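My notes follow the display.

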Amino acid sequence: MAEPASSRLLSLEGIHKHFGGIVAVDGVDFDLGHGEVHALVGENGAGKSTLMKVAVGFHQPDEGRVEVDGEPVAFRSTRDAEAAGIAIIPQELDQFPHLSVAENLAVGRARPRRRWGGIDWDALAETARRQLGELGLDLDVTAPLGLLSAANRQVVAIARALAGDARVVVMDEPTAALSERETERLFAIITDLSSRGVGVVYISHRLEEVFRIADRITVLRDGHHVRTATTSELDTDELVRLMVGRPLGEQVPRSDRSVGDTALELRGLTRAGAFADIDLVLRRGEVLGLAGLIGAGRTEVAQAMFGVAPADSGDILLDGEAVSIRSPEEAMRRGIAYVPEERRSQGLVLPFSIRANISLSSLERLSRGGLINRRAERELAERSATALAIRGAELGAPAAHLSGGNQQKVVLSKALAREPGILLFDEPTRGVDVGAKAEIARLIDRLAADGNAVLVISSELEEVLALADRVAVMREGRVVGELAGTEATQERVMALATGSAKPDDEAAPAQAQP
Amino acid sequence: MTRERLLGREAVLLGVLVVVMLGMSLLSDQFLTLGNLLRTSRFFVEIGLIALGMTLVIITAGIDLSVGSALALVSVTIGFSYAAGAPLALAILLGLLVGLAGGCFNGVMVTRLDLHPLVVTLGTFALFRGLAFGVSDADAVSTYPEWFAYFGQFYLGPVPGQLFVFIAAITAVWLLLARTRFGRYVYAIGANEEAARFSGVPVRRVKVTIYTITGALVALAAVIYTSRVSSARADFGQGLELDVIAAVVLGGASIRGGVGTIPGTVLGVLTIAVLRNGLQLAGVATTWQLFLLGVLLIAAVFVNEFFRRRDA
Amino acid sequence: MSAATVAEPAARRGPSPLRRWLLRPEAPAVLFLLAVVVLFGALTDNFLRLANLQQILIQVSTVAIIALAVNQLIIAGEIDISMGSSLGLCAVAVGTVAVATGGLILPLLTGVAVGALIGATNGLLVTVARVPAIIVTLGMLYALRGVIFFVTGGASVSGIPMDARLVGRERLFGVGYSVWLLLALLLATWFVSRHTTWGRDVYAVGGNQAAARLAGLPIARTRFLGFVGVGVFTGLAALVYVGRTGGVQTSAGTGLELEVIAAVVLGGTSIAGGRGSVLSPVVGAVLVSAISTGMVLLRVPATWQSAVLGALILLAISFDGIRRRQVRGAA
């Protein structure tokens, strides 16, 4: 910890990075010592991933210096960074599903060769088995990666990063899809790495993990460096305050809601390979939270309700009547709206104007004889922009020009424009700045108070707990429990989500309740 | 995309067209005469009609390689059902139906089996041509009642009749694309198909409709073509798909989807037509026509892509 | 590890060998081909004769050789549709040099050099100028046909000496040189695909470009070399072409591009990239040729053969579409 600056393993100084008009990282300093575990925390969109992608050469900084062992470096690709001993564990999406597990570990690396020059596939598989074995994973390394579960794919990604004799390992949300046991194994590996002098950058949303594993913590907010401190100097409340800019309790107000009758019910909903036997009830005037780890099947359930990927069996009941929903178009006609998790790929048509994005789901109402009534369209967009305070660009400008929070408001406007009675929100505040986050939370609260049936999926437990009247928890494709009122605490939800629930689990004070 | 920028692109293309035309008139005195220009128009109406449909297809990031074969199939259907004794009006109707069905088949294969349009239309490229050869037995039908000539050989004063058909079709497809809900859906699918689906756009229905419209326009072009050359043969329209795609892409449509306009496509069609006709009048061999066309195509798209990247 | 969850069927053991083979890209085409062979073998006396089987291979050699390289390019996530004109120009080059100098080696080298140059031009325009491949190669399809007219002055190349026609005409151990060449190139492609870094990068780059970038793979170089490969193989195919025809017309190779792509796609390579096998293009090309030959033997009227072929191609493609859906549903 107390090394002189020149012997720092990795040091970033004054890093700036912007994409188009959006500043992702604005003059951030960061450093990492030998054998140190340095946690990087902040809300979604705070710039953590971007900063680390600069460190590993995936992005080139607009300004600022990257130094390794006190020597300035200019990585032009992740390969350069790897050669300098800096590896990143990417998200699960950044892999090759058609290639075998062993090949995924070998892509971009020197492969073992036979004497006559060909690739030694046996040695390659053997190496892969050994690397995965060190992480406690035993599987057929010649099978395509795409056949693996999200958790196993994550372990493969970790194995890949560790294989290159890295001196610095950047872990970007490594436990997002892991069970508790797998997480424990990862922590043991991290401890082992740091005892060998390897520096670890640990990005995570889970603060208890951060407090357990990190030597120091750096907080980013909206692309700015907020504070770097040793772990012992901080506690959870202080850390949250630094991350969101104000104490947590103030975040979400909750109006009086009067819970009404059942709007939508799922009975034994099943889609092979995604989820099974889902029973859920959505009532008018109520927010149902859907919690669980990434890959637990929450998004799949919501998308089945919305007709994106319909279920194989089981029933969806609207007002007590079984209906079949085979496409989003049908779901919308029945008054169901869905705000997808992947905003840029599923929520928005980025080259379209803000106006055309807002009106896209409502064109049937806005046109006569097929011709679009442009004035009605403009009025709809203006109303929405005022109601949700969309700021940052004219309504005729492409949606791509907006910041994350305003883009999300456009997606919300589009969903609300049809005045649906049932709203499904999937990670509604991901990648959104603090101000917009609060606005969106208030909007969801108001929608419930107005008598809509609302489902909220969120990986940020505080958010789910603050918004929801009830929380259903999913694990491995099934609903494993439902908690209401004061039973719904972070500890109990996590215990259910990771499968470590004990029957006499004592309810801790509900942190997120207003 | 913003309106201004698109207009900008079309203005550039218009400039290119004017320069090409001026160049041609320097090479040949006959080129810039009204008579020649109107005569030329007889030869590009067929490509132009199909290009209108292809524009829709390409905006959705699709492609249709089967149009040349479909043209032959429709032509043969008309000719041989007439030769077999059907009244010509019925034969024409049958031809139109075949074109429609062929396009619809492409659309259904693409959407229901989730296959890449390139793969599907490569298959129908072979199938339609094969059917045309089978039906016609590699023969031709070249005698028709006099009134059939109206579709492809009629002049109103100096203006060829099919030019009116083309203008009507341009207007209809332009309105469809620029002013209607359907047109908005077409752009949305091309720019981001997944987001379009999540927004409740009936993606499959729109796509099937687009390929069907293309089939209908091919059928219309086939009627005009058959009438113009007064013959129905299975080897018609070979390589036509490439000319059509070239015209659409030259007109500013992006093969990646989401971008393209009808005015742009019309300008693209005109540029290709002028280039081919003008060079012919100037006595320049096919050699350089093909060479110039190829180079112009790559250059035009390079410029488009360059500006698109710079804007992004 | 939680292996027995709904999200993960049988991960630890992996799929059974049969299931794994069925998941291979070329599996449906191979089964289809077997069915065709059995069917025609049963229906006709001559189909299964060695001479006929060899004839099928000789017929496909030109298309299959080019398809071997185009297959790699498509797996890498790009496409080339300039092969028709490009083969024509290579054939003109081979023919002209053969007439001028005689021999085999010099015409061969010329054809390969011209092909490589065309491929490199395509590759540079795609990777450096960043024009979409389908446009570059469409433009090239026109431009090169123009160059053919220019080089030949519109006349065909004829009187090609027998030395240069060896590959298209002669046999070694009773098997045509063109078949040997095809087999040699198949082996070479297999070796490169399986045992070189470029060969493995082809799959990664085409399968997930973002991930390839993150893994630091040389995306542009991989694709550029893919285009050059198509050019080189087209040059080699030109030698076969010239050998078989003995003369080169200005229209040589017209329409070939679609035959080649059809062979690749029929063989099970995904046009979206990242998925395909070295065998795919050969299986696809042989399938087409086997069906054509079988129809001749069955005396299907010549005018209907191409319709039947088109229908069968569509049928094969549809099977693949349905199979992919089921795999996706199960995985």
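**Interface of chains A and B**

I began with the area buried between chain A and chain B, which is about 2,200 Å², with 56% of it on carbon and sulfur atoms. The model is predicted, and I read the entries below accordingly.

I then looked up the contacts: 30 residues of chain A touch 22 residues of chain B. For polar contacts between the two chains, I recorded 14 residue pairs, both residues at pLDDT 80 or more. Two salt bridges are found across this interface. One that I examined joins R184(B) to E377(A), with the closest N and O atoms 2.7 Å apart.

Next I listed the elements giving two or more residues to the side of chain A that touches chain B: α10, α11, α12, α13, β18 and α14 of chain A. The largest share, four residues, comes from α11(A).

**Sheet of chain A**

I traced an open sheet of six strands in chain A, in the order β16-β19-β20-β13-β21-β22, with mixed pairing. Its edge strands are β16 and β22 of chain A. The twist averages 20° from one strand to the next. Helix α9 (residues 298-305) of chain A packs on the sheet, its direction making about 150° with that of β20(A).

I also noted that β21 and β22 of chain A run antiparallel and are joined by six bridges; R470(A) stands opposite A484(A) in β22(A). Helix α15 (residues 404-416) of chain A lies across β16 and β19 of chain A, at about 170° to β16(A).

Definitions and conventions:
Residues are numbered from 1 along each chain as its sequence is written. Chains are lettered from A and ligands numbered from 1 in the order in which they are written. This is a predicted model: local features need pLDDT of at least 70, side-chain atom pairs count only at pLDDT 80 or more; totals for chains, interfaces and linings use all residues. Side-chain values use heavy atoms; hydrogens and water are left out. Two strands pair if DSSP finds at least two bridges between them. Axes are lines fitted to C-alpha atoms, for helices over the stretch in contact, and angles run from 0 to 180 degrees between N-to-C directions. Contact means heavy atoms within 4.5 Å. Buried area is the accessible area (1.4 Å probe) that two parts lose on being put together, summed over both. A salt bridge is a side-chain nitrogen of Lys or Arg within 4 Å of a carboxyl oxygen of Asp or Glu. A polar contact is a pair of N or O atoms within 3.5 Å; within protein, one must be able to donate a hydrogen and the other to accept it, and residues adjacent in sequence count only if both atoms are side-chain atoms.
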